[in-house]
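Subject: Structure handover

Hi,

Here is the structure we talked about. Please open it alongside this email, and my notes follow below.

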Amino acid sequence: MEKVLAKLVLVVGVLMHCGSTQVRSDAKHHRYKAGDYVPLYVNKVGPFLNPSETYPHFDLPFCQPDHIEERKQTLGEMLSGDHLINAPYKLEFLVEKFAEVACRKNLTKEEVSQFRTAIKREYYFQMYYDDDLPVREFVGEIHKQGILDNYKYFLYKHIRFDILFNKDRVIEINVEAYPRALYPGATVDLTEDKETYVEFVYTVFWKEVDIPFEKRMEKYSSVALHSVEPRWFIVLNSCFTLLLLAGFLVRYYMRVLKKDLTELQDEGLVSSQEERGWKSIRDDVFTCPVHKSLLSAALGSGTQLLALTILVLLLGIFDIFHPHKPGCFLTALIVIYAITSCIAGYTATSFNCQLEGTNWLGNLLLTGCLFGGPLLFTFLLLNSIATAYKASIAVSLSTIVALVLIWIDTFPYVVLGGIFGKSSYKDEPQDVCQNIEAELQAPLCITKVPREIPPLRWYKRALPQMALAGIIPFSVIRFELDLVILSVWDLRDKDHRNYVVYTILFTTFILLLIAVCLVNVLCTWCQLVAEDYKWWWRSFLCGGSIGLYVYGYCIYYYFAKSEWSGSLQISFFFGYMACISYGFFLVFGTVGFTASFCFVRYIYSSVKCD
């Protein structure tokens with residue numbers, strides 16, 4: 001227990017370090033005097049339309065500093081493909097410069113070809129100033145000549161830094177290349193394969209503002225293409241839709257279900273052979289499901305991911321960490337996932353024991369591998385593709401070993417949760433049927449010989465119900481999902497603006513939970529009325545069907561909205577979105593199953609055994 005508490009303290013410290021807006025640098029608390037050195041790091045380059053396809057900055061023959069110093073990376077920065085190296089540009093505090101020479105280079109034919117290819121593919125370069133202020137600009141520009149498809153490629157050789165400050169702190173930085181249309185001498189023509197002399201220069205301007213240092217990241221938190229008000233209107237529209245659905249269910253409950261329950265209480269004991277509908281399967285409805293170990297593991301993993309999602313959203317709301325800081329968001333995800341593994345172990349073991357599962361250690365192993373295994377396999381597969389491309393997002397063997405060790409280190413937490421889950425289960429030597437009845441708090445006795453399920457119409461079977469169950473929940477998140485994809489996978493906004501508002505995202509997530517619960521209760525009721533008592537897996541699949549809709553929307557987004565190209569970008573998008581959709585399936589499958597379980601236990605609590 002002491003070790004667990006020590007690790008929890010360590011986690012809190014890591015998250016607070018990641019979330020601090022005053023990130024420590026060589027200049028301590030970001031306070032400078034005139035002429036002080038302010039760190040400027042170059043990060044990576046890559047095609048603007050393929051944000052996953054990035055390469056180290058000096059893969060292109062830019063100016064290099066006299067002494068290359070790479071900033072120490074965190075695990076999250078490694079996974080993000082961030083490699084921060086000191087830049088050749090010197091931006092001392094409050095020191096203005098005009099046409100300062102960074103370096104002079106004679107580009108060879110091969111280097112000219114490299115730059116021309118980069119310009120043709122709309123490469124951008126990324127930098128970080130004062131540790132966590134991002135800037136981004138294109139490498140060059142393309143000009144079409146005449147009516148024929150003749151193009152000229154120009155490299156930007158003069159860039160301008162506009163820096164805002166408040167007293168002794170840096171507030172904001174913007175970078176802009178001087179375009180050829182306004183400053184012909186600020187570019188160099190690289191259309192032909194020939195040796196070219198280039199003089200890279202830069203200009204620095206400073207301007208004082210009254211923006212407090214604590215609000216300097218708000219620029220990157222603002223919504224670039226959509227204001228907040230229309231998004232709240234969409235949230236209110238989703239609330240109205242859920243109110244209509246809830247009103248329908250309440251009305252149906254008052255008119256039909258409550259009437260049936262009242263009649264059962266008045267009539268007392270009636271043979272199940274004389275009844276029809278949901279009342280006739282009262283002795284079979286709590287029969288153990290098939291593959292109960294897998295169901296328990298899925299519920300454990302789903303509960304863990306649900307807790308992880310809520311914690312991450314709450315951290316975002318309370319501004320505990322900034323996802324704009326390189327790698328911080330991924331670091332937080334990894335740490336929280338490791339700690340919440342105990343929740344997965346507890347849930348899986350307690351439910352498995354209630355279903356009379358025998359191999360609880362094997363069930364814990366399955367729980368630990370159910371989500372982490374496919375995620376790690378996908379990561380290794382995509383990393384091999386990135387390595388083949390020599391992309392910056394490819395991680396080294398030592399990082400892979402570290403990730404595997406972190407994953408293995410989650411299993412003690414899973415086992416610890418399993419021990420608590422097993423200790424909460426009292427194993428009494430009694431009839432199996434009665435034991436399950438007691439542990440599940442089933443209001444009825446359970447038959448040992450299940451009855452035959454009558455033939456079902458096509459729309460009452462599993463696949464049609466899954467398709468229908470995912471429509472309303474997906475409609476709740478469609479708009480926010482579009483913005484999340486835009487924030488993570490698209491670089492439409494050159495100013496690094498973020499489209500994710502955590503307050504709206506958390507509200508949408510709560511509405512999604514409610515929608516899944518309501519829809520699942522309705523689907524389970526329809527299934528029971530059809531005298532189909534195998535609701536266990538059906539309720540999980542109906543709740544998790546939203547994951548299929550999410551992945552289907554990703555396919556639509558790729559063909560209808562994106563401008564991506566190349567196997568690296570496409571494989572990363574579909575690979576990681578498959579893992580996220582699988583996570584949706586587990587989380588909302590668990591939510592849907594829990595809602596259905598509570599509903600079934602409630603309605604049958606009024607029915608007496610034969």
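Two strands pair if DSSP finds at least two bridges between them. Strands (E, at least two residues) and helices (H or I, at least four) are DSSP runs, numbered from the N terminus.

This is a predicted model, where local features need pLDDT of at least 70, side-chain atom pairs count only at pLDDT 80 or more, and totals for chains, interfaces and linings use all residues. Residues are numbered from 1 along each chain as its sequence is written, and side-chain values use heavy atoms, without hydrogens and water.

**Around E9**

In the hairpin of E9 and E10, 2 residues lie between the strands. Lys167 takes a positive phi there, near 60°. E9 (residues 158-166) and E10 (residues 169-177) pair in the antiparallel sense over 8 bridges. Leu164 has Glu172 of E10 as its bridge partner. E9 also pairs with E12 (residues 196-208), in the parallel sense, over 8 bridges. Here Arg160 stands opposite Thr203.

**The open sheet**

An open sheet of 3 strands runs in the order E7-E8-E11, with antiparallel pairing. E7 (140-145) and E11 (187-189) are at the edges, each with a single partner strand, so one side of each has no neighbour in the sheet. E7 and E8 (residues 150-156) pair over 6 bridges. His143 has Lys152 in E8 as its bridge partner.

Best wishes

Technical notes. Buried means under 20% relative accessible area, exposed over 50%, partly exposed in between (1.4 Å probe, protein chains only).
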